[in-house]
Amino acid sequence: MQQQPIKKYEQVRMGVDYYPEHWDESIWEADAELMQQSGVAVVRVGEFAWSRMEPREGEFDFGWLDRAIDLFGRRGIDVVIGTPTHTPPRWLTDKYPDVLPILPGGGVFQPGVRGHRCFNSRSLRRFGERIVGKLAQRYAQHPAVIGWQTDNEFGMLDSQSPQAAEDFRDWVYRKYGTLDRLNREWGTVVWSGEYSQWSEVTPPLGGSPYQNPSFLLDFARFQWDTVAEFQAGQIAAIRAYCPDHFITHNFHSYPQRLDLYRVGEELDFASFDYYPNTSPAKAATSPYSGALSLDVTRGIKRKNFWIMEQLSGSPGAWMPMWRMPQPGYIRAYAWQAIARGADTVVHFRWRSAAIGAEQFWHGLIDHSNVPGRRLAEFASMSAEVRRLAPLLEGTSTDAKVAILMSHEQLEALRIQKQTDNFDYYENIKTYHRALTKLGIDCDVIDWRQPLEGYRLVLAPHLYLLDDAAAGKLSRFAADGGTLLLTARTGVKNMNNVCVMQPLPGLLADCAGVTVREYDPLGSDIVRLDTADGEPYAGSQWADILDPVENRQTEVLARYGGSAFFAGEAAIVRHEFGHGETYYLGTHPEDDYLRSLLLDIAQARGIVHAGNLPPGVQLSVRSGESGAYLFVLNLGRETRRFRLGDTYAEAVQGEGLLGGERYDGEIELAPYGVEIFRV
Amino acid sequence: MQQQPIKKYEQVRMGVDYYPEHWDESIWEADAELMQQSGVAVVRVGEFAWSRMEPREGEFDFGWLDRAIDLFGRRGIDVVIGTPTHTPPRWLTDKYPDVLPILPGGGVFQPGVRGHRCFNSRSLRRFGERIVGKLAQRYAQHPAVIGWQTDNEFGMLDSQSPQAAEDFRDWVYRKYGTLDRLNREWGTVVWSGEYSQWSEVTPPLGGSPYQNPSFLLDFARFQWDTVAEFQAGQIAAIRAYCPDHFITHNFHSYPQRLDLYRVGEELDFASFDYYPNTSPAKAATSPYSGALSLDVTRGIKRKNFWIMEQLSGSPGAWMPMWRMPQPGYIRAYAWQAIARGADTVVHFRWRSAAIGAEQFWHGLIDHSNVPGRRLAEFASMSAEVRRLAPLLEGTSTDAKVAILMSHEQLEALRIQKQTDNFDYYENIKTYHRALTKLGIDCDVIDWRQPLEGYRLVLAPHLYLLDDAAAGKLSRFAADGGTLLLTARTGVKNMNNVCVMQPLPGLLADCAGVTVREYDPLGSDIVRLDTADGEPYAGSQWADILDPVENRQTEVLARYGGSAFFAGEAAIVRHEFGHGETYYLGTHPEDDYLRSLLLDIAQARGIVHAGNLPPGVQLSVRSGESGAYLFVLNLGRETRRFRLGDTYAEAVQGEGLLGGERYDGEIELAPYGVEIFRV
Amino acid sequence: MQQQPIKKYEQVRMGVDYYPEHWDESIWEADAELMQQSGVAVVRVGEFAWSRMEPREGEFDFGWLDRAIDLFGRRGIDVVIGTPTHTPPRWLTDKYPDVLPILPGGGVFQPGVRGHRCFNSRSLRRFGERIVGKLAQRYAQHPAVIGWQTDNEFGMLDSQSPQAAEDFRDWVYRKYGTLDRLNREWGTVVWSGEYSQWSEVTPPLGGSPYQNPSFLLDFARFQWDTVAEFQAGQIAAIRAYCPDHFITHNFHSYPQRLDLYRVGEELDFASFDYYPNTSPAKAATSPYSGALSLDVTRGIKRKNFWIMEQLSGSPGAWMPMWRMPQPGYIRAYAWQAIARGADTVVHFRWRSAAIGAEQFWHGLIDHSNVPGRRLAEFASMSAEVRRLAPLLEGTSTDAKVAILMSHEQLEALRIQKQTDNFDYYENIKTYHRALTKLGIDCDVIDWRQPLEGYRLVLAPHLYLLDDAAAGKLSRFAADGGTLLLTARTGVKNMNNVCVMQPLPGLLADCAGVTVREYDPLGSDIVRLDTADGEPYAGSQWADILDPVENRQTEVLARYGGSAFFAGEAAIVRHEFGHGETYYLGTHPEDDYLRSLLLDIAQARGIVHAGNLPPGVQLSVRSGESGAYLFVLNLGRETRRFRLGDTYAEAVQGEGLLGGERYDGEIELAPYGVEIFRV
């Protein structure tokens, strides 16, 4: 088999974000020189610089950008250009005020803080696509330019502008066709909300979340399509000139209400802006939510990704400054990103800004411009990456376990919060953390994706459900997979309307249980009695389960304590076709979950490491060059340990990073990293 | 003496709220059938269904409602129609936007969440009275229809609409006549707030509570009159066609800033929407605040009342879902309502909504439409009620104790919160709870009501006072009654202006004390030294009292500890004419209050039971059929007890509910109920 | 040497605030009579009474004010008139709505609560200067009138009115001249914020603090100039008629974002409205923050000042009522004010208002108008003051220590909060409290003031710095002074742009250290290891210091514990020229600070008393009549103590207040005061 040459963007490299327009041109050369010495292979520029590229309507000035890009090009540093539409210049918002979003309360989102652009604005689209086209045309042939980032950190604004209202009305019309159908599907009869004319269909004026949930969910979907269309205009403008350049977008801060999968559709790959929390108070959770963010990003396109902004120093701008990353922190988290599928890692930012509102979002170099500890750490990390890149390029994660994520569930459960403690994404964190603590590689993918190749699929809270999804999951289990379902599954149809069926609705057959009644626990706790005699705690919710009466169901846990439903089934395993389904009627505590998942992993032959010490994480990247096990200590204490279960033999021989030799036991200082060939 | 036949609405029955328009007509018949089997005698319909009754301006469609009502009528189920004005349809707000309230900040109260109707809007009144008139005309002769509910859960909106401003100006003009008098009575000279033209009189723009308190109080009174007038228009429209039907309104969530007594004036009886809190964390207080709500509702018209919406399952819509009521809860709280004067109890709602924003405000039946535990409990309760109704109909509470409540005090004390911990309604709860824990039946009535028949009247915080009220209370005490007054009495005249007299102002003679000075304790505590040597705690406020120097005053408690006023009188009893007055200069802790009230009850021959176990409540309904003692355990623990004092002999013989025999001792499981003939 | 006769306003006297227009004229005479008996020498009137002075546009009525002032004049009571512009009357705001500020969110600041005046409004200035001129003309020759208070309690409103926008644009134009320079100095290129036309320069619409910090700081400076100009118009109107009257302003509630020094420039002296917190929970801190407020006020003009409103009873209006001041409290805090440089102390207010929104901001007399404990305390205090006035008049504080305060730092650090726990003014409180607890008199002055005469200057957080300030401070140290600098010094230039120099920037030479790196600690703590072996805690921030390598630096504390920078220098002393500089890289706990300052005081011969008991404060006023030591116990416990160090011998002989004799030891009851000749 002939090996496919890897694409430019599949190289494993390090980069930095740089804003030449923020600095006197006299220091650019020295900056580029020092970047080269520090191992910078990629630089991102351009994002936010609209007022420099087009100082007045129709007057373009790319000279400064030419000079900056040339400077990098001459040093063999590749350049990614960010399109500047996140920050419309003042002349644009002044002359075409429809560019500004109208906020839910009715006020205008004024310039001042960035992101002041209504995705529905036709002026924004016209001028935005024009400046992007100009950029694409100009840099299509530049040898240093390799790709593009669209806009910056897309999110939802709930704009109520007249154009947003008109577009929403069209969207609704296209979806439902008639007012009769619209009124029926949304159930607008409640509270006399029936529309008698199309003109009455508007965005949620006033912004209250306590409105018709069907309407609110569709307004979110409309916005997802809107952002995707807005981006598509830019992508078309770029591809017209640069068919061979890549196009990506830098997602950020999960969970986003914005549907990552919808916006990711037309991208070549996804990027993420990664700022793990540096506070000691977050040390127990931050490495795990970070791991999830990386896996989520990898799942957007189900392939490797970039970090477009990686923590380089204490952030601080929208909030007081964070703690400064301690020695090793920057390197360890960059390795964590690579371990979970990042190919290129671009650090934000080269030097802390001297001007503007983000002055204290620290870069690798402080304002003083005296290179210090953090740049040295970056440079040393760059050298490691350069050394190992030949091994790592072309490798990727090969997980047998997937967690299904759905922005429709996220949004629907945000619109109607089930109980005080119930949070869709926080619960996904729980499941993902349990897997991570067992050293099990896991994909996090859109719930609509095919499931071929997985042995275990966790599908928490499929609150909205349709036949397609229920059928796919049932087939997955029937065909031999292990499916894990939870409370609040099958509650609604896709229009956010409750189904008149016993829960879990369309998945009741597959789950082998029906919910007789439920108790929204909120901040209360219920006891779980299990076969091993150990009592655990359940929280958030309690489904009282009636297992189907046949030999294929097994009650794994019953409610206990003083609950009025003590003795009833809480967690049930159901043998279904060639596979099995677990239904969790309550949200069990971490220990139970980890023990359950370990049992499943052992039974289903899923690679795992037993219980890892706190903060220690494993990942494997594999490909034609071999398979590589990353072992990271993202905690604040030194850990000495052996890997258990299927990884028991992995830590042998020479570590690829340090060159040290191991015979099964490994000791990692805080923020220590090692890589093994497995 | 000939016994008056009881009115239809005085029957003791059970019902449900039902929204036929929310469901496919194909299931109505089955619903009605199951209702009949479950003991449903009354159904409320219509509320919120304006867009179905009048889909477009002037086009009326009552066919669906005819069919629904007929369905119930055929099964002998009575129907109450709610007028739909709480939810103006979109065609109305679209064409006549003056229907929408203008919020204090200046924004429009947009449709989406219900209640979007400015009571001052002339369009709302015109179209509202028209649809109500149409309904009344249509159903006047329908044998199943017995009465009406106006709108839904009235409250104050502080609308600043132009019409509200104009109406307020007229109201002020009618009250004060000249600007000179207005400026003088409100004291507008402070901060140069004097009006020089009538046009300057507006609602409180900006909505800050820190404005002229005289002005703010009158703006509240204006709104009370406004809501009453708005309702009067509907009542006239109904009475024109249905002179024999009853008209009620479903009050909710006390305290309301809205004056219940003012709005209740034209009603045949009051109704209440009763949702006792299901959280275990509220188990110690919820049964008592519920008892107060019921007594408040009975006090609105000083007669028996309805529950128009009674808890049937976990609520959840404006907030995350509550805990599901545990077995017995639904029944026990329905009995509590009847025990305190409810005749008909209508449960909200038949089945949980599948559509719209209240999907998780659970009904008796879950979305699945599989009848379950809660419906079974309701059905069994219905059977009990049907069995005991012949005894209970025509009976009512006969209390010798009254607490005076005043919405003018409530509003004035909201406008100027006295101290952090000082809350008018919370303090009323304290007094009511102390009586409830002693098994003392108590009325809660408007402070302007006559006091004949009472032995003890508690009049907390009569902050605003006039000669009429002071005279009435003084006469009550002088004629042999026991009057209890508290700190913050007599501070102001009815225009919310401070009096230049020693406190308690007009009641100083009657109280036998003057307040030399006071200390607003806020969240601090002061020690109370009493004759029994037991130290108690006082909170919120400390009046330093100078008792009138004669033999008729007795100092019951003095301040102690390190207060600079240690040794001064805190609580004083004053023999006044044939009766007595207690003045409480501080808010004493519960134990002291209960002990004080027990002493009074014993001295004044008031029926009581001594200290009841936590959660246990007593009530007596009496009439020509006899007297019935309700004993309820609304706590989460089983209680075994004997009733003390005047009730010591009550628990003898056969319980009317269970048929069990007792000889003085009673044991009630959590949410257990028993009824005795006394 | 001929003694200069003191000015009228330098007399040491007592007064009250009185609003004749709030009361029926029939009681004025009795009020004045009782004031005279109680020792009132000064009355403030007029403030807020615009609607009485000018009931309709252009119609003036001063008859009532004539009569009131005559009444005082006849009794030898002097009168201060407050200009009424804080409360524009309704006819003015109605006809000239530009008088009303536009709030940051875009709403109008409606009348209702006071202060509804946009300082940029031309109507306000025109009508305001006219009414002030009329007042000045009328009372210029009145023998009782001695001076004026401008407006009331100036503050910043961030008004976005069209006139404010236009004035701001002019201000920016005058400062920067060209858009190019403006864009460069503010660094607007960040986020494409570059202005391409002057019309794009606006106030911060939307009001978010997360905008360009250079812009936001200049918008604050613009407002400082605006308020000063607004006041200057009134001052000119007064001086035109009353060249010999004094003019002051009553500042309040520090810290104010408003630059006190800028607004104070044209005043004859500063005044303060002093409401020390009466809550027992604040007893440990309130006396110290009060002392700071007084020293800040004295620093505004670097001379003695007035209290224009002094606590007389429980405040309550914007908030629930406070605790009532206990016996001695009113007197002790009035003496504290005099001890720290107040000459005249005017108590707010004579009697609690019966009308309007400030009814519960209690005066010396309660609503009842029965004179009580508080008036008696005031009267007795007045007699003491009258007795000691001949000694105290002409005396003032003579401090050798100064704390530099800067509203530019305050505002810049508000715009970009450094860490959760970092607060500029709270930190100034820490330094001031440490000095107060050592009995060291301290000035608090504008950072631009000359430093001659001081031995120790504390200059915390000089975040913004220029050559003039850095040069002055360096010279102060080089010439023999002791200078104390802290973290976050020299971070920025005066345009709020970060400098590209090692910190502390322009003061690095003088400090003898550079900051290698820093860690924003936020709410975390770092250990400090010192020479005395005692570990202390540092908080908020940690600069990792590189001392200049020569013999002139001494590391006083190093970081310890588990910090990654353990062992690095935290606090350094640097011998610089004839003096020395201390640089504190972290915010040390109080104990360390007090110990450090005591060492410095001992070394530099600064008068001090060692560690004083909690709540005990000392101050010295000295002049030609001698020097007077005030000893106050502002705590809630009796204290018996000897003064240490340089004050060891002070407490000897007869106390001037009580006439008691002492021989070194003193015992003071709570709120006890004594004065000694030293």
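This is a predicted model: local features need pLDDT of at least 70, side-chain atom pairs count only at pLDDT 80 or more; totals for chains, interfaces and linings use all residues.
To see the pairing for yourself, find B:Phe630, which stands opposite B:Ile675 in strand 26 of chain B.

These two strands belong to an open sheet of three strands in chain B, with the order 20-21-26 and antiparallel pairing. Which strands stand at the edges? They are strand 20 (616-623) and strand 26 (673-677) of chain B; each has a single partner strand, so one side of each is left without a neighbour in the sheet. From one strand to the next, the twist averages 20 degrees.

## Chain A as a whole

Now let us turn to chain A. Its fold contains 17 helices and 25 strands. Along the principal axes, the C-alpha trace of chain A spans about 80 × 75 × 50 Å.

How does the radius of gyration of chain A agree with that of a compact globule? For 678 residues, a compact globule would have a value near 26 Å, and chain A has 26 Å, so the two agree. Buried residues make up 58% of the 678 residues in chain A. Look also at which residues meet: among the contacts in chain A with a separation of 6 or more, 74% are between residues 24 or more positions apart.

## Two glutamates marked in UniProt

An unreviewed UniProt entry places the feature "active site" at A:Glu153 and A:Glu309. These positions are spread over 157 residues of sequence, yet they cluster in space, with a largest C-alpha distance of 10.6 Å.

Start with A:Glu153, which sits in the loop between strand 4 (145-149) and helix 6 (162-176) of chain A. Leaving aside residues up to four places away in sequence, A:Glu153 touches A:Asn250, A:His252 and A:Asp273.

A:Glu309, on the other hand, is found in strand 7 (residues 305-311) of chain A. A:Glu309 is buried because 25 other C-beta atoms lie within 10 Å. Again leaving aside residues up to four places away in sequence, A:Glu309 touches A:Asp17, A:Asn250, A:Asp273, A:Tyr274, A:Val346 and A:Phe348.

## Where the chains meet

Next, look at the places where chains touch. Between chain A and chain C, 46 residues of chain A are in contact with 40 residues of chain C. Which elements give two or more residues to the side of chain A that touches chain C? They are helix 2 (50-53) and helix 4 (90-95) of chain A. By residue type, this side of chain A divides into 23 nonpolar, 15 polar and eight charged residues.

Chain C also meets chain B, in a contact that takes 46 residues from chain C and 40 residues from chain B. On the side of chain C that touches chain B, helix 2 (50-53) and helix 4 (90-95) of chain C each supply at least two residues. That side of chain C is made up of 23 nonpolar, 15 polar and eight charged residues.

Notes: Residues are numbered from 1 along each chain as its sequence is written. Chains are lettered from A and ligands numbered from 1 in the order in which they are written. Two residues are in contact if their C-beta atoms, placed from the backbone, lie within 7 Å. Helices (H or I, at least four residues) and strands (E, at least two) are DSSP runs, numbered from the N terminus. Ala, Val, Leu, Ile, Met, Phe, Trp, Tyr, Cys and Pro count as nonpolar, Asp, Glu, Lys and Arg as charged, and the others, Gly among them, as polar. UniProt positions are given in the numbering used here, feature names are shortened, and annotations may be inferred rather than shown by experiment. A residue is buried if 20 or more other C-beta atoms lie within 10 Å of its own, exposed if 12 or fewer, and partly exposed in between; C-beta atoms are placed from the backbone. The radius of gyration is taken over C-alpha atoms; the globule rule is 2.2 Å times the number of residues to the power 0.38. Two strands pair if DSSP finds at least two bridges between them. Axes are lines fitted to C-alpha atoms, for helices over the stretch in contact, and angles run from 0 to 180 degrees between N-to-C directions.
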